[in-house]
Amino acid sequence: PSPSSSAAAAESSAAAAAAAVAAAQSAVAVQSTAEMPQFGRASLAQSCTLPPPPSPMRARFPKQVDLLKFHGFDSSLDKRLARTADAILAETTPLHEHLEPAFAIVRSRRELVGLPCVTVRLSKALCEETLASEQPPPPGARAPGAPTASALAEAAEARAEIVRLLASLLLRCGVEASDIEASQHEGQLHFLMRLRGPSASVQTVLDVLTPATQDKKAHGHLHEAFVLAGCAEAAPAAITIHWPLERVREEVRVAFPQYELPIAVLEKELPPFVAASWKRCSAAWELVGGDTPADLQPLLEQESFARFGGEALTLAEGARRGLREDPRTQGAEDLVDLMADAAEAQRMLKDVLAEGSHWSRAQLNDPEGVLHDAEARSWLSTGSDVAPNAVHHDPGVEDRHVAFEKAKRMQRRYEAKPTPSELTNLSRLTLTFFTAADAASGLRRLLERFEVLWLDNHFRDPAPLGYRAMALGVRQRVSAQGDLLPTGQFQSIKRHHISEITVRLRPMRDVELNDETHSMQELRALLSRCGILPQHLDGVLARVLASFAFTEGQALREADRELARVVKHFTDNFKALGVEGQFLTEDLADELADHALISGLPQARIAEILLAVPNLNEKRAVRTRRVALVNEVAQRLARYVGVTFEDLLEALLSDLRELPRDAKGRISLSSRWLELPQFEGIHERWAAVAPGGGELRFHDECDDWRGRNSTIGQEEVRLLGRAKDLNKQLQDLCARSAADQLVQALLRFLLARSSAQTPDLSEVSRAATWARDASGVSVEASMRVAEFLKWAAFEDQIVSALQGAAPSPKLLRELREALAVGDTAGFAGRCACSWQGPGTEHVCDLLRMRDARALPVAMVLLAKGATEVRAQVAEGLTNSAAVEGEWLLKVIGAGALPPLGAMLQGGRSDSRCMYSALLVLKNLSAASESRPAVSEVGFIGRCAEMVLNTGYGQDVSYLALAILNNLAKASEADAEAIREQGLKVDSVGRVKKK
């Protein structure tokens, strides 16, 4: 047949097509495949969708595939012609084109995923004594009645005990001790509870907490713990629900960007509406209990469960083991087959529940033929039936068009077509019991008679609006029609179909029937007042109901399901996606994995799901390492924002002579160095630098970053084909880190000097080398740092010579030459002249302590130092006449007499220097051990001149006369030499003027 003739055949009625199939089955059986024309994609230009049968009655209507075969279509190529227009469009659209908008939507939900879920807070006022003891006392005073350490420990233990007691009470709600956070503010003690259980609900928590906080007799331990924790015994406990209104608003905004629900309106309208619904449901639930509330216990004790790897486990147990819930999918994938299976499953359900009854045989799938509330749809069982004394209501299988719309709403944007196999309520029954005892008995029998895949017990954990019911997913094996065999018979196959059974109690059913419509009308009116257009009310309402009581447990289950779904899509469509689609799907799975992490899904569970996507776990691990590296680099770079290293280096190194000095005369910095004038305007961050604290490891960190960047880059090239380039950022970071390490090393070195530590100059040297190589500082700054290193090393050598081993001749020569040239020629002269002033104090301190190690440097200062320095050193050599002779011999042995003699040659302007030298010579000549050395040098002439010339001053003349007296008394030769200078020496050695 030609395309036009096939289109004409497709437009024929279903009855004519069925008759044609019956008449030509034998022809189909013998017809050769080679005789059938081969139609390609060109046949899609025309709509060849066959009209569906009015109801899914498998016995009378063959499959559309068989009709196509009869009309000559090759099923291997043109089977797609039987699909709907949506399916044809999906087939002709590349799969990756669905992924880009899907990825954008998923990315837009990242902020939504991180928003808070619903929480419950328990608060109790603190007693006056606790509040008074926590008030801050006046400055310098102790608060009256301040709690002791033991009292504080007791209160902390009481709060921990409250957490344990609350966790034990809320065990059935899936709330653990780690989910309860204690805090204190505004005069109250608060306990915030997060609902992380997979089936936890807000109302269940309220049902547990309300009696526990009111009944002191039954829950005495809890009330005692509150008192021990500092709460007022008579104060009532307040239970507050924190509704996730931000999540509600964001959920609506993501789905409908044109709307933004005002938080103030939601906060005002939504909680009262929910409270009213809860109140009506609670009143109905009390009627259920009636005079025999114990009958409710079997219903309340039944935990929700599902299948995990085929094993029936409670949701809490499955979560504890880290298992994934089995997907709830049907055996059939095509909607036509699915609807036929649903009709068969519906009949099988009714046969089990109402065997032999007229109701079980009735076909009630036509809502127009039998109205929804018609008596024919309901059947009342007896006490001997599977579900005793219950009204069995058959709403009929879901309408095909409604089912397709539901499947479209469940379809994800990245999926090319709806997946009706996820619809598990196409076949459904509702069982309404009059008493809780009958409901418990019926539940037990249902679990025995059927293969129950899951059970959602909203008797135990009410729905968000307070409605209580129970939903069971029942799996049955149904007979299905397979392909047409060459014999002309259809192949018979078996596949499973899932039906849903809803168990209700009569009072709760009445509430749902009477109040649900009114409640939904109120919500729609509220949304209309917020500006939602009528055509969007149902969509917005669905999102509000799904998110306003959203728990963390629901977030975990949703994250797990969504991640597993996109991974399944990847594996099922791997080849069809193509390279671009595979990358996009991988990115989508990666993004959903991030959402799962934000929701709190364990990393191990995420990695397990992602195993089906090749290399994705490795890629995520590499990305995590890359993100960590980028984060570390960014944090370090952020530390340098607004920091200029050159300014501080300029203030430190421009003139080393301006820096403060330590006790040994070396350049240094005190702890308050930022207050000095030259450091005005320097960033305050440098005030945190302290001496010591371990080695600066900025260089090692940068080497580590570079190494990690290289390793990660290699992994990225292997897994992704490309690598992120961080070389420029790392180069910039290394330069700044090198400058930072240099500045910190300088500061630590100078601060350590002032704190009497012995800093190591090698740290500064290494930092300077790195800063130069990494271009962290300017060339001029590097030159100044080099001069600083030489300056500091020269100072350290001098100080070491004062306190260590004998100084080298080279050091003494360099110091002598530096002092000789002064501070106008070369760095050595500036360094020595700058050090000699403050360093002399240290030298003199050592001399006063008779430390002979200071004598070599002291002799250089005595010979080449400034006038004041020479005077101070001379005074430090022998500061009293009662100096032991051994020290005097060391002074003379060090070579003190020649520079002392040179000091005597100064003019009247050097009177202090001359006086200090005379004082040393006086002490030396007074001691018998050192007097001969003084005599040999030949100071007699100069001393006699000072005695005879009154212009030198009385003090100088007196010291010179004392020296001559010491020499004349000990030696006749010296006495004769004194006489030759024009002075008179008597027989006992006293020297006088003539």
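Two strands count as paired if DSSP finds at least two bridges between them. In this predicted model, strand 5 (residues 305-308) and strand 6 (residues 311-314) are joined by four bridges. They run antiparallel. Ala 306 stands opposite Leu 313 in strand 6.

The two strands form a hairpin, with two residues between them. Gly 309 sits in the turn and has a positive phi of about 65°.

## The whole protein

The protein has 994 residues, and 47% of them are buried. Its secondary structure comes to 42 helices and 14 strands. Among contacts with a separation of 6 or more, 71% are between residues 24 or more positions apart.

Four strands make an open sheet in the order 2-3-1-4, with antiparallel pairing. Strand 2 (180-185) and strand 4 (238-242) are the edges, each pairing on one side only. From one strand to the next, the twist averages 25°.

Strand 1 (residues 119-125) and strand 3 (residues 188-194) are joined by seven bridges. Across this antiparallel pair, Ser 123 stands opposite His 190 in strand 3. Strands of a sheet pair through backbone hydrogen bonds.

## A helix under cover

Helix 37 (residues 897-904) is largely enclosed by the rest of the structure, because six of its eight residues are buried. Those six are Leu 897, Pro 899, Leu 900, Gly 901, Met 903 and Leu 904.

## Salt bridges across the chain

Side chains of opposite charge can pair when their charged atoms come close. The count here is 73 salt bridges. One of them joins Arg 324 to Asp 560, with the closest N and O atoms 3.8 Å apart. Arg 324 lies in the loop between helix 16 (315-321) and helix 17 (335-353), and Asp 560 in helix 23 (residues 552-572), so the pair ties together parts 236 residues apart in sequence. Arg 324 is partly exposed at 34% relative accessible area, whereas Asp 560 is buried at 11%.

Arg 561 and Glu 325 also meet in a salt bridge, at 3.3 Å from N to O. This pair links helix 23 to the loop between helix 16 and helix 17. Arg 561 is partly exposed at 42%, and Glu 325 is buried at 13%.

Glu 795 and Arg 661 form another salt bridge, at 3.0 Å. Glu 795 belongs to helix 31 (residues 779-803), and Arg 661 to the loop between helix 27 (645-653) and helix 28 (698-720). They are 134 residues apart. Glu 795 has a relative accessible area of 0% and is buried; Arg 661 is partly exposed at 21%. Elsewhere, a network of salt bridges links Arg 107, Arg 110, Asp 590, Glu 591, Asp 594, Arg 620 and Arg 623.

## A buried arginine with no salt bridge

Arg 377 sits in the loop between helix 18 (358-361) and strand 7 (378-380). It is buried, yet has no salt bridge. Asp 394 has the nearest side chain of opposite charge, 5.0 Å away. A salt bridge needs the atoms within 4 Å. The Arg 377 side chain does reach two backbone oxygens: that of Val 370 at 2.6 Å and that of Pro 395 at 3.3 Å. Its contacts beyond four places in sequence include Trp 359, Leu 364, His 392 and Gly 396.

Glu 375 is found in the loop between helix 18 and strand 7. Glu 375 is exposed, with a relative accessible area of 74%. Its C-alpha is 9.1 Å from that of His 393, a residue 18 places apart in sequence.

Definitions and conventions: Residues are numbered from 1 along each chain as its sequence is written. This is a predicted model: local features need pLDDT of at least 70, side-chain atom pairs count only at pLDDT 80 or more; totals for chains, interfaces and linings use all residues. Side-chain values use heavy atoms; hydrogens and water are left out. Buried means under 20% relative accessible area, exposed over 50%, partly exposed in between (1.4 Å probe, protein chains only). Lys and Arg count as positive and Asp and Glu as negative; His and the chain ends are not counted. A polar contact is a pair of N or O atoms within 3.5 Å; within protein, one must be able to donate a hydrogen and the other to accept it, and residues adjacent in sequence count only if both atoms are side-chain atoms. Contact means heavy atoms within 4.5 Å. Axes are lines fitted to C-alpha atoms, for helices over the stretch in contact, and angles run from 0 to 180 degrees between N-to-C directions.
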